[in-house]
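Me: I would like to learn how to read a model like this one. Please take me through it feature by feature.

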Amino acid sequence: MDSIKNRTLLKVIVLGDSGVGKTSLMNQYVYKRFNRQYKATIGADFVTKELHIGEKFATLQIWDTAGQERFHSLGSAFYRGADCCVLSYDVNTLRTFESLNNWHEEFLKQANPIEPETFPFVLIGNKIDVDGGNSRVVAEKRAREWCVSKGNIPYYETSAKENTNVDDAFLGIADRALANERQQDNIYFRDMSESVSEMIEQRNGGCAC
Ligand code: GDP
Ligand code: MG
């Protein structure tokens with residue numbers, strides 16, 4: 001029991017426009033697989049990965065948007081208690097980069113963290129493999145400037161398809177989340193199961209009363 005209690009649970013949420021590769025990044029990181037087909041995310045709301053960082057054991061709980069990535073469409077249970085927010089875009093699609101301001105703002109509004117200026121974000125620019133980089137429209141420099149403007153957000157460029165930098169990015173994410181950690185305890189368990197049943201109610205179109 002003690003060992004469970006002392007394990008840190010880190011809640012990470014992944015935001016970004018539909019199609020940028022959020023689900024693919026998570027699948028590549030957790031299951032080491034890539035699926036070429038486009039499938040709106042349905043089913044499990046989060047995946048978990050056990051990590052051993054330094055002296056600590058942590059469970060990274062990574063929440064997917066379940067295909068609902070429109071602003072204001074993700075319920076408060078999705079944002080609640082996040083330890084790190086991953087913002088993601090597709091380096092080949094300008095619109096997805098331009099949406100980052102909105103996602104950043106939406107997170108701060110919905111999650112309402114105690115210290116918004118220091119809340120840990122990470123930015124991922126995905127799909128760097130496409131056309132050998134020739135169809136890229138957002139330069140690394142531009143992305144890094146955006147990160148600086150938001151308070152020095154760490155930046156990773158990845159390919160979920162070719163498994164480039166995916167582990168590194170999630171390790172960076174875990175690091176950032178750990179800095180914002182909260183101990184997993186009974187209250188948190190209760191909090192989490194409430195969140196999950198809320199999500200199910202929302203999905204089923206309301207409460208059962
Ligand atoms: P999500 O809507 O953000 O969850 O995006 P998905 O993970 O469903 O990916 C959308 C599409 O982009 C799918 O067809 C994926 O196979 C493809 N995709 C995702 N990541 C990459 C990548 O790194 N490179 C390439 N070439 N395609 C990718
Ligand atoms: Mg998805």
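Me: Over which residues does pLDDT stay under 50?
Reply: pLDDT is the predictor's confidence in each residue, from 0 to 100. Here pLDDT stays under 50 over residues 182-191. The model has 21 contacts for that stretch beyond four places in sequence; contact means heavy atoms within 4.5 Å. Where pLDDT is low, the predicted coordinates should not be read in detail.

Me: What are the ground rules?
Reply: This is a predicted model, where local features need pLDDT of at least 70, side-chain atom pairs count only at pLDDT 80 or more, and totals for chains, interfaces and linings use all residues. Residues are numbered from 1 along each chain as its sequence is written, chains are lettered from A and ligands numbered from 1 in the order in which they are written, and side-chain values use heavy atoms, with hydrogens and water left out.

Me: What is the mean pLDDT of the protein chain?
Reply: The mean is 83. Of the chain's residues, 79% reach 70 or more.

Me: How many helices and strands does the protein chain have?
Reply: Helices (H or I, at least four residues) and strands (E, at least two) are DSSP runs, numbered from the N terminus. The chain has 8 helices and 6 strands. Their order along the sequence is α-β-α-β-β-α-β-α-α-β-α-β-α-α. Now take contacts between residues at least 6 apart in sequence: 76% of them join residues at least 24 apart.

Me: What share of the residues counts as buried?
Reply: Buried means under 20% relative accessible area, exposed over 50%, partly exposed in between (1.4 Å probe, protein chains only). Of the 209 residues, 44% count as buried.

Me: Where is Thr 158 found?
Reply: Look in the loop between β6 (155-157) and α7 (166-178). Thr 158 counts as buried because its relative accessibility is 0%. Beyond four places in sequence, its contacts include Leu 25, Ile 124, Asn 126, Thr 164 and Ala 169.

Me: In which loop is Phe 119 found?
Reply: The loop between α5 (100-111) and β5 (121-126). Phe 119 has a relative accessible area of 9%, so it is buried. Among its contacts beyond four places in sequence are Cys 84, Cys 85, Phe 107, Arg 176 and Asn 180. Phe 119 and Asn 180 are 61 residues apart in sequence, yet their C-alpha atoms are 7.9 Å apart in space.

Me: In which helix does Gln 28 lie?
Reply: Gln 28 lies in helix α2. At a relative accessible area of 5%, Gln 28 is buried. Its contacts beyond four places in sequence include Arg 33, Phe 34, Ala 160 and Val 166.

Me: Which residues come nearest to ligand 1?
Reply: A residue is near a molecule or strand if one of its heavy atoms lies within 4 Å of it. There are 21 residues around ligand 1, and Gly 19, Lys 22, Ser 24, Asp 129 and Ala 160 come nearest. Helix α2 (residues 22-31) gives the most to this shell, with 3 residues.

Me: Which atoms lie 2.8 Å from an oxygen atom of ligand 1?
Reply: Lys 22 places a polar side-chain atom 2.8 Å from a ligand oxygen. A side-chain N or O atom of Thr 23 is 2.8 Å from an oxygen atom of ligand 1. Ala 160 brings a polar backbone atom to 2.8 Å from a ligand oxygen.

Me: How much of ligand 1 does the protein bury?
Reply: Accessible areas come from the Shrake-Rupley method with a 1.4 Å probe; for residues, only the protein chains shown count as cover. Ligand 1 taken alone exposes 570 Å², and the protein buries 89% of that.

Methods: A polar contact is a pair of N or O atoms within 3.5 Å; within protein, one must be able to donate a hydrogen and the other to accept it, and residues adjacent in sequence count only if both atoms are side-chain atoms.
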